[in-house]
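Open the model in your viewer and keep the selection tool at hand. This tour goes from one stop to the next and says what to select at each.

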Amino acid sequence: MTFTLKRSGCARSLFWQNRSGMKVLLISNYPPDKQQSMLRYARFLQNELQSRGVLAEIVYPPVVLGRLRFLPRIFEKWIGYVDKYLIAPAYLFKRAMKADVVHVCDHSNAMYLRWAAKRPALITCHDTIAIFAARGSYPGVRIGITGRIQQHWIATNLVRARRIVCVSANTQDDLERLEPGIRSRTTVIRHHLNWRYSPALPDGIALAKRNCALEPQTEYLLHVGGNQWYKNRIGTMQIFSALRRYERFRRVKLVMAGKPWTTDMRNYRISSGLMNEIIERIDVSNEELCALYSGAIALLFPSLEEGFGWPILEAQACGCPVITSNRAPMTEIAGGGAIFIDATAPEQAARTIAENASLLQSLRIAGFGNLDRFSKSAMIESYQELYEFLEGERAQVTREILTS
């Protein structure tokens, strides 16, 4: 079931000018957790909704104990739990009382649906990876007892939600696997880029190369991601190592942008003899990342799991060809603008890349075309229609009660 109102583009615009009084409360993430992509997502929604006349406001779980710097860092996680799960509910309930619709922007905060003050509420589910990991669904991935309890709590509240937005068809399928029959309460609204990624100017690319200690003429592949197991960072190194045996890639380097490397990654770089060929860039800015995408011969993104896969669209927006896994949701998001590989078989993956290297230039054009499926207007209008659907449901129930 998709919760949309059938209107033309012009009618939608006029309708939402008339609905400018609607108040939407966007519940975002606890700031000290530094979940940057989720914080950007909430800010993006707020800015775009406000530009269309919707009274959208972001609220964050308040940082109370988390402000106390004298508390030992060893207790940081538990202090955060107190702020998020004991102090935040009353605060969020009070704020929700003033809203027409409450939107919990991240499924990891599914428990906040309980404190939506009986307002129409929805939640965005970005992925179910942590939930299934806590249930032992991924061989070799171990989650501690507190993590398993937390993910059980999240899942229990998530599947109770009346309306769930999934960011990909794959996430929608995963939710159905989690709770058979839930599909009727879900709809897919794919992300738009939440930053202004586009091809960088030559000076920006040159600066990004200097930051990586690369010569101006040096070619490189780019990987973007953190150290979560499903980002497959050592697998990325292994694919790159195998790829360098092919003449086309013999002098190509690999830039890995994201979190600091793990000990295993550092050991692999040494043991594989690639000390000077694999370059670490830590927590780069959006501007530098944009330049890195623009200067790369391709994005190498062999993830094992994703909810959406932001780097795929970011790369395509910068004119960077994409090489990614031949599994959902990467195939769903990349469309026809990528070379697809088996992320679990480095030698085979390298062979596939080498055999299709001549397609890299054409993939730049295909990538730009793929972005049309992820337009900002389609995303925001879909949310607007869903908000109206939910408020209409509530109004109908109220009328029935008053006339009964």
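Select helix α9 and the elements that cover its buried residues: among them are α8 (233-243), β8 (253-258) and β9 (278-282). Covering here is judged by contact, meaning heavy atoms within 4.5 Å. Helices (H or I, at least four residues) and strands (E, at least two) are DSSP runs, numbered from the N terminus.

Before going on, note that this is a predicted model, in which local features need pLDDT of at least 70, side-chain atom pairs count only at pLDDT 80 or more, and totals for chains, interfaces and linings use all residues. Residues are numbered from 1 along each chain as its sequence is written, and side-chain values use heavy atoms, with hydrogens and water left out.

**Helix α9**

Which residues of α9 (residues 263-271) are buried? Colour Met265, Tyr268 and Arg269 to see them. Buried means under 20% relative accessible area, exposed over 50%, and partly exposed in between (1.4 Å probe, protein chains only). Look down the helix axis: the buried residues fall within an arc of 100°, so they line one face of α9. The arc is that of the directions from the helix axis to the C-beta atoms. Now turn to the face away from the buried side, where Thr263, Asp264, Ile270 and Ser271 are exposed. Just after the helix, select Gly273, which has a positive phi of about 70°.

**Strand β9**

Next, pick Ile282 in strand β9. Its relative accessibility is 41%, which makes Ile282 partly exposed. Show the residues around it: setting aside those up to four places away in sequence, Ile282 touches Gly258 and Pro260.

**Helix α14**

Move to α14 (residues 360-370) and select its buried residues, Leu360, Leu363, Gly367 and Asn370. Around the axis they cover an arc of only 60°, so they sit on the same side of α14. An α-helix has 3.6 residues a turn, so residues three or four places apart point the same way. On the other side of α14, find the exposed Gln361 and Ile365. What do the buried residues of α14 pack against? Show β10 (298-301), α11 (310-317), β11 (322-325), α12 (330-334) and β12 (338-341).

Select Gln150 in helix α5 (residues 145-158). Is Gln150 buried or exposed? With 19% relative accessibility, Gln150 counts as buried. Beyond residues up to four places away in sequence, Gln150 touches Tyr81 and Tyr85.

Then go to Glu48 in helix α2 (residues 36-51). Glu48 has a relative accessible area of 14% and is buried. Leaving out neighbours within four places in sequence, Glu48 is in contact with Lys376 and Ile380.

**The whole protein**

Finally, zoom out. The protein has 15 helices and 12 strands. Its radius of gyration, 23 Å, is close to the 22 Å that the globule rule gives for 404 residues, so the protein is as compact as a globular protein of that length. The radius is taken over C-alpha atoms, and the rule is 2.2 Å times the number of residues to the power 0.38. Of the 404 residues, 53% are buried. The C-alpha atoms fill a box of roughly 80 × 55 × 40 Å along the principal axes.
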